[in-house]
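Please keep the structure open while reading.

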Amino acid sequence: MIEQIVTPVAHDLGQFEVRRAIPSKARSMVGPFVFVDQFGPAQLDIGSGMDVRPHPHINLATVTWLFEGAIDHRDSLGSYATIRPGQVNLMTAGRGIVHSERSPADERAEGPKLYGMQTWLALPEASEEIDPAFEAVRDLPVLEADGAHATVIMGELWGKRARTTTYAATINADIVLKAGGRIPIDAEADERAVMLVGGEGSIDGTSLGLYELTILKPGAQMLLTSESGGRVMLM
């Protein structure tokens, strides 16, 4: 039931690592996802922080989702938002945008924590040059069943749709499994992948490697489970 396993390349940024699964020699994209980066968990020194200076993006959209910590987002549209767990930040670059990402001052005073995901989505050709935009979305739909807590970040899953803007058919969900938890992974999408970002988990009895991007074969419903508890991102 597994089509491919992609081991990410880890980039050491000093006090934390960013693990990039795609693009890679093994795989260039999954559905509209053209970059899949996972970072942390990390505890930074008191007084320090993440400082990604202003830089441009074009013809794509970035999705930032945190499990722990906070990031200040500022961009050339005048947008400002502090990303915290439970809020998804979608920045649509379109014909061009510049943004920065930094640890907030209150986090620096205590020693910032960083743990989350940033994915980049290819825009459909007809939307590549649209006006840039930014949105921070809370109140995301949640499904709880059989020891699983799943937050739908983008798109529609299990009959629940997030308010987050989508430009193409997209599924993005954060699934937290308690010990003994289980949840079905439907066969709705042509291309599906899961990434274990914490704890332990299996897909149809095959153990997931931590931070590996596991590409699932199309057309088959599968069961995501965890014996001791874990956290899995679905794309």
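The points below are grouped by topic.

The model is predicted. A search of the whole structure gives 2 aromatic pairs.

**Aromatic pairs and a charge over a ring**

- The search of the whole structure finds 2 aromatic pairs; one of them joins Phe35 and Trp120, with 4.2 Å from centre to centre and 35° between the planes.
- That geometry makes the pair of Phe35 and Trp120 tilted.
- Phe35 belongs to strand 4 (residues 33-43) and Trp120 to strand 11 (residues 113-122), so this pair links distant parts of the chain, 85 residues apart.
- Phe35 has a relative accessibility of 19%, and because buried means under 20%, Phe35 counts as buried.
- Trp120 is buried as well, with a relative accessible area of 16%.
- Phe67 and Tyr115 form an edge-to-face pair, with 4.9 Å between the centres and 75° between the planes.
- Phe67 lies in strand 6 (residues 60-69) and Tyr115 in strand 11, so the pair ties together parts that are 48 residues apart in sequence.
- Phe67 is buried at 9% relative accessibility, and Tyr115 is buried with a relative accessible area of 12%.
- Arg19 lies over the face of Tyr211, at 4.0 Å from the ring centre.

**Largest pocket**

- At least two lining residues come from each of strand 3 (17-22), strand 4, strand 5 (51-57), strand 10 (97-102) and strand 11.
- Strand 5 gives the most to this lining, with 3 residues.
- By class, the lining of the largest pocket has 8 nonpolar, 6 polar and 3 charged residues.

**Second largest pocket**

- The lining of the second largest pocket divides into 13 nonpolar, 4 polar and 7 charged residues.

**Largest cavity**

- The residues that line the largest cavity are Thr62, Thr64, His73, Ile83, Asn89, Leu90, Met91, His99, Glu101, Gln118 and Phe134.
- Strand 6, strand 9 (88-92) and strand 10 each supply at least two residues of the lining of the largest cavity.
- Strand 9 has the largest share of that lining, 3 residues.
- The lining of the largest cavity has 4 nonpolar, 6 polar and 1 charged residues.

**Two loop positions**

- Ser79 sits in the loop between strand 7 (71-75) and strand 8 (80-83).
- Is Ser79 buried or exposed? Ser79 counts as buried, because its relative accessibility is 17% and the limit for buried is under 20%.
- Gly219 is in the loop between strand 22 (213-216) and strand 23 (222-225).
- Gly219 counts as exposed, because its relative accessibility is 65% and exposed means over 50%.
- Which residues is Gly219 in contact with, leaving aside its neighbours within four places in sequence? The contacts of Gly219 are Ala187 and Arg192.
- Gly219 and Arg192 are 27 residues apart along the chain, and their C-alpha atoms are separated by 10.0 Å.

Terms used: Residues numbered from 1 in each chain as written. Predicted model: local features only at pLDDT ≥ 70, side-chain atom pairs only at ≥ 80, totals over all residues. Heavy atoms only, no water. Helix = DSSP H or I, 4+ residues; strand = E, 2+ residues; numbered from the N terminus. Buried < 20%, exposed > 50% of the residue type's maximum accessible area, 1.4 Å probe, protein only. Phe/Tyr/Trp six-rings, centres within 6.5 Å; stacked < 30°, edge-to-face > 60°. Lys NZ or Arg CZ within 6 Å of the ring centre and 35° of its normal. Nonpolar A, V, L, I, M, F, W, Y, C, P; charged D, E, K, R; others polar. 1 Å grid on protein atoms, 1.4 Å probe; cavity = no way out; pocket = protein on both sides within 12 Å on 5 of 7 lines; lining within 4 Å. Contact = heavy atoms within 4.5 Å.
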